[in-house]
Amino acid sequence: MRGLLRASSLLLCGVVLIQLLAAQINAQKPKSPWPTLTGDPPLVIARGGFSGLFPDSSYDAYNFAMLTSVSDVVLWCDVQLTKDALGICFPDLTMSNASSIEVVYPTRQKSYPVNGVPTSGWFTIDFSLKDLKAVNLIRGILSRSEKFDGNSNPIMTVQSVATQMKPSFFWLNVQHDAFYAQQNLSMSSFLIAASKTVPIDFISSPEVNFFRKISGRFGRNGPSLVFRFLGQEEFEPTTNRTYGSILSNLTFVKTFASGILVPKSYILPLDDQQYLLPPKSLVQDAHKAGLEVFVSGFANDIDIAHDYSFDPVSEYLSFVDNGNFSVDGVLSDFPITASASLDCFSHIGRNATKQVDFLVISKNGASGDYPGCTDVAYEKAIKDGADVIDCSVQMSSDGTPICLSSIDLGNSTTVALTAFRNRSTTVPELGSLGGIYTFSLTWPEIQTLTPAISNPYGVFRLFRNPNQKNAGKLFSLSDFLNLAKNSTSLSGVLISVENAAYLRENQGLDVVKAVLDTLTQTGYSNNTATKVMIQSTNSSVLVDFKKQSQYETVYKVEENIRDILDSAIEDIKKFADAVVIQKSSVFPLAQSFITTQTNVVEKLQKSQLPVYVELFQNEFLSQPYDFFADATVEINSYITGAGINGTITEFPFTAARYKRNLCLGRKETIPYMAPAQPGALLTLVSPTSLPPAQAPNPVFTDADVTEPPLPPVTAKAPTSTPGTPSTNAQAPSGQTRITLSVLLSVFAMVLASLLLL
């Protein structure tokens, strides 16, 4: 008995020691930062390759995805069956939308029921693989570039993608198994046969019966099976249940699949205004059920939730690095952005170490998110990490310097909807059409106006933050300087001064003196902590500031230039400490393709002149094709590629986040962080589709720099309130004459204001 007790004690001690050892091993094992089902990083799944740029499922698309993505990128193939039961990679059952089939076989259109819906088109099942050798792939989304359609990209088979690309992971999506079965073609038979020669890692489908057909037929090491959810109100064709109802029973899905593929809205839904609603618990629920969660619908060139400020990296991070959950993979048309989001920008805080140093300078504050030059725009720019916030100084009729993006109030407020619309006047020196100018209203009058957000791509139905389109209050220069002075994160302010000569000669307003006086009154003349930068396109203005102050001066070159003379640089150095140039003066464009890189930045920097570049925006329409509709790729190419000293941006957050980019601190070259090579993308365009030769931008010379001194201030003759009949030209009859151009201008401003409402 005593021996039995001793043996039991030894056994118990052994169990305790094993548990303690296991606990110690687990404690030493690093905890994964990824709350995915397995703890592995989420997968980047390239839908049809790099289909955001090249024809879907083409050799170029697959090859480019492999070149620009994470090393384990998953290549996605939408499998279709041909008449001779062979599998091809093509995005849909019908072929006219993404191939030249309609041109090659104009009379072979047919109609079939697809999930009970009569559908007409050129179906893959009506063509043998031999027939399809004459057909080429083209873009399937008309808003994307047609420049790669002439590359004679052949339709690829499942086997050719696997053998030519040799992807780390290969994903086959079967969208219409039931349709093929109705036509006496077996998708499951094709897949089983293909798996003997082709490594298949994932198979997805939106049809439950398809999984029942293939269950157990691939062996123990077969592909992962992923059930694809379509719209929640759509009916799954083989069970006649909505996908929303199937979603409520994830344990049922687990009986035939190891993962689910869902649209973005299943996890982060949107309201009717395109704003995010509270997240759903789907990822956590699926992980509890033992299901991986993959998400579809990622593309850089579509309108995304306003919460993301047109920044696709922010959207990816909301699915993989939100502090609560991470999906297990993202299905993207632009795998370069997905790769960078996961590898370079995940799990970094706002106080993370900066990997690169350059100035992030705002443009009218965070004017991509709020009306420019308002309190909320400036506050957000500071919060978002801007180093320098800016004020474009305009003058009111009572001599108050204010911050406003334009001297014409109609460009940034709803003034055209107010009683002040009768203040409209035509000033040839400022524009051919009439406007309601800041110098026609007093500062108290301007303060009553409602700000309006700018929508530079509104004609394309891309609108900025509509819920806040009239938010904030307008700022005087004094307000602006006091806000900046109280910020602990800013390194400086930039004050832009334009129209100084006109204001002196015609309005009796000295903007240079007003700026200098306000800087003194707000304590900046003795403040060395906050750098003051004075910017102008006029050398005469900067010369005047240099004579009267020690503030840093910045010369802005408005023109797109291809070169700058050394003598012009020497002239600039006499009155400026830095230079602002346009983006196209670094990378000239031809039909939205970068053609080359100038040496303007290099020449200015060799002369000890820092170079700041404008204007950076997040909207995909603002970027050449070389930047893949991704503002971060664009910033990377200007900072790492061209070596500029600062970005002037309407979206400071995107530029500030780039500084903390983890990939910049690595020794090895990261393909998705390599700067764009000027002209490289054009080499992939077929010769027949190349853009025509462009007239070269001019060379910037001494004559472009030299200006006469600013004129003295001319006292303005006393008049009645600006804009009243006495200030307008008189017709012979004595009646007030309002020119047609003024009327048209007011009408245009009213119309623009109504569109903003």
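**Basis.** Residues are numbered from 1 along each chain as its sequence is written, and side-chain values use heavy atoms, with hydrogens and water left out. Since the model is predicted, local features need pLDDT of at least 70 and side-chain atom pairs count only at pLDDT 80 or more, while totals for chains, interfaces and linings use all residues.

**Overall.** The chain has 757 residues, of which 54% count as buried. Buried means under 20% relative accessible area, exposed over 50%, and partly exposed in between (1.4 Å probe, protein chains only). The C-alpha trace spans about 105 × 90 × 50 Å along its principal axes. Secondary structure comes to 25 helices and 30 strands. These are DSSP runs numbered from the N terminus: helices are H or I of at least four residues, strands E of at least two.

**Pocket and cavities.** Both are found on a 1 Å grid over the protein atoms alone. A cavity is a set of points where a 1.4 Å probe fits but cannot get out; a pocket is an open set with protein on both sides within 12 Å along at least five of seven lines; lining residues have an atom within 4 Å of a point. Points are joined across faces, edges and corners, and a volume is the space filled by probe spheres set on them.

The largest pocket has a volume of about 620 Å³. It is lined by 31 residues, and Lys-363, Asn-364, Ser-392, Ser-405 and Lys-556 are the closest to its centre. Strands E17 (359-362), E18 (388-395), E21 (492-497) and E28 (611-616) each give two or more residues to this lining. E18 gives the most, with four. The lining has eight nonpolar, 16 polar and seven charged residues. Here Ala, Val, Leu, Ile, Met, Phe, Trp, Tyr, Cys and Pro count as nonpolar, Asp, Glu, Lys and Arg as charged, and the others, Gly among them, as polar.

There are three cavities of 30 Å³ or more. Arg-464 and Asn-465 are among the residues that line the second largest cavity.

**Salt bridges.** The structure holds 30. Each is a side-chain nitrogen of Lys or Arg within 4 Å of a carboxyl oxygen of Asp or Glu.

| Pair | Closest N and O atoms |
|---|---|
| Asp-149 and Arg-139 | 3.7 Å |
| Arg-423 and Glu-445 | 3.1 Å |
| Glu-619 and Arg-464 | 2.7 Å |

Glu-619 and Arg-464 are 155 residues apart, and the pair links distant parts of the chain. Both Glu-619 and Arg-464 are buried. Arg-423 also counts as buried, because its relative accessibility is 8%. Arg-139 is partly exposed at 22%. A network of salt bridges links Arg-47, Asp-56, Arg-144, Asp-301 and Asp-333.

**Surface patch.** Val-459, Phe-460 and Leu-621 form a nonpolar patch, with about 320 Å² of accessible area together. Patch residues have over 30% relative accessible area and no salt bridge; like charges are joined within 9 Å, nonpolar side chains (Val, Leu, Ile, Met, Phe, Trp, Tyr) within 5 Å. Areas come from the Shrake-Rupley method with a 1.4 Å probe; for residues, only the protein chains shown count as cover. Phe-460 sits in the loop between helix H15 (443-447) and strand E20 (475-476). Phe-460 counts as exposed, because its relative accessibility is 54%.
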